[in-house]
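Me: I would like to learn how to read a structure like this one, beginning with the overall fold and then turning to the ligand.

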Amino acid sequence: MAKPARNTYVCQSCGGIETRWAGKCPSCGEWNTLVEEATPAVAAVPGSGLAKAARGKRTVLESLQGKSEEAPRFTTGFVELDRVTGGGIVPGSALLIGGEPGIGKSTILLQLAAAVARAGRRTIYFSGEEAAAQVRLRAERLGLTDAPVALAAETNLANIIETIGGEKRADLIVIDSIQTLWSDALEAAPGTVSQVRAATQSLIRYAKGHGAALLLVGHVTKDGQIAGPKVIEHMVDTVLYFEGDRGHPYRILRAVKNRFGATDEIGVFEMAGSGLREVPNPSELFLGDRDSASPGAAVFAGMEGTRPILVEIQALVAPSSLGTPRRAVVGWDANRLSMLLAVLEARCGLSFAQADVYLNVAGGLKIAEPAGDVAAAAALLSSFSGVALPPDHVYFGEISLSGAVRAAAHMTARLKEAQKLGFTKAVVPASGEIDNTTLTLDIERIDHLKALAEALTP
Ligand code: TYD
Ligand code: MG
């Protein structure tokens, strides 16, 4: 006789399973994440007792040398999206796109679906969050109503699988969003770990078996992770994050995992009245409305993947009335700012102890590479001394704790981009190779932060 199903408590953060409720998940230590769920149906299917399982069949073992073709891809019609995915979408692959509410996930997926459908590929769009009429209204606003996208508002997993199974082969299946799907085989509520995991699993199995590309939208939690356990990110082939500041029109699509390409590429879009527009030259956009006459602004020649991007770093050093002065950072790492201030104090003898320090990266971009140090230091020094930096200078280089300036990757590409945009001088690390055959801009090489501090403070 089968034992009556017992409910278990599943952590919505790590997927850990407990037999009794607790305020704090014993596996990952998160609070208030345990949710009661009926024991997943998978546990009841054969396979739990190995002894009773059918005898296995031999698998053919292969060598690494065998010929296999480059994964066939289809381009999406969006250069920025193709760049992020590593050259286009691979049939049979699953792609997860995460992002905050209202950032534009549904918009970009509808534009993408329309572009793919217009190119003659069978595209099905399942909307779990909006009614078909709402999606149609958006399509109308975006001027996409003529695209042959098959649309359905559906959240029942079985119905979705049945629908795509009964159709002629689909090339692209969009699910907006994975958190709204539910299967009645599970007793858990939609959006819980078991439901999300089961839905993702079935859809991926279908997509792999039928060579359809799967695009899933995933919600993010308040700390920016895709809701549900990491296991969802493990299951899919590609994970993209759609980032941006809602106060700015710029949106950045960033690959954090990609089984078919590099992960350091970004795609830049601009949210306009007619949907998302690609931005082929992001530097021009990030430097757009620059006020170069006031102190505290330095232009950083940065890299995003293989693409150079110039962006302005702004600093404000103001006298503080607080016992512990404020340090606030937007778009950069707060720890790096503390480190930079400590190095300026210890190695260059400049004290920021009586000053509030604010640092901001213009345009809502986030800088993660250490080569931003020299530009941030230049902005800080400029604000500290109240002297504006020359508007046609760019800066890059990493600063170590000793104050030494270290080489950065792709120095030539950064300089070429700066030259293209009309900059005439670059302050760069002393070490590191530069191919200056086509470079006409002035290059000043510095080996220590002191050189910069002496030049910028009277
Ligand atoms: P949406 O794609 O619904 O976001 P998500 O699916 O990530 O939650 O985007 C909604 C926002 O985008 C909304 O606040 C308005 C803005 N928007 C535009 O500015 N222009 C447009 O053409 C569209 C369709 C949306
Ligand atoms: Mg949406």
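Reply: Helices (H or I, at least four residues) and strands (E, at least two) are DSSP runs, numbered from the N terminus; in the protein there are 12 helices and 21 strands. This is a predicted model, in which local features need pLDDT of at least 70, side-chain atom pairs count only at pLDDT 80 or more, and totals for chains, interfaces and linings use all residues. Residues are numbered from 1 along each chain as its sequence is written, chains are lettered from A and ligands numbered from 1 in the order in which they are written, and side-chain values use heavy atoms, with hydrogens and water left out.

Me: What share of the residues in the protein is buried?

Reply: Buried means under 20% relative accessible area (1.4 Å probe, protein chains only), and of the 458 residues in the protein, 48% are buried.

Me: How many residues surround ligand 1, and which are the closest?

Reply: A residue is near a molecule if one of its heavy atoms lies within 4 Å of it; ligand 1 is surrounded by 16 residues, the closest being Gly102, Lys105, Ser106, Thr107 and Arg138. Helix 3 (105-118), helix 4 (132-142) and strand 11 (266-272) each contribute at least two residues to this shell.

Key:
Buried < 20%, exposed > 50% of the residue type's maximum accessible area, 1.4 Å probe, protein only.
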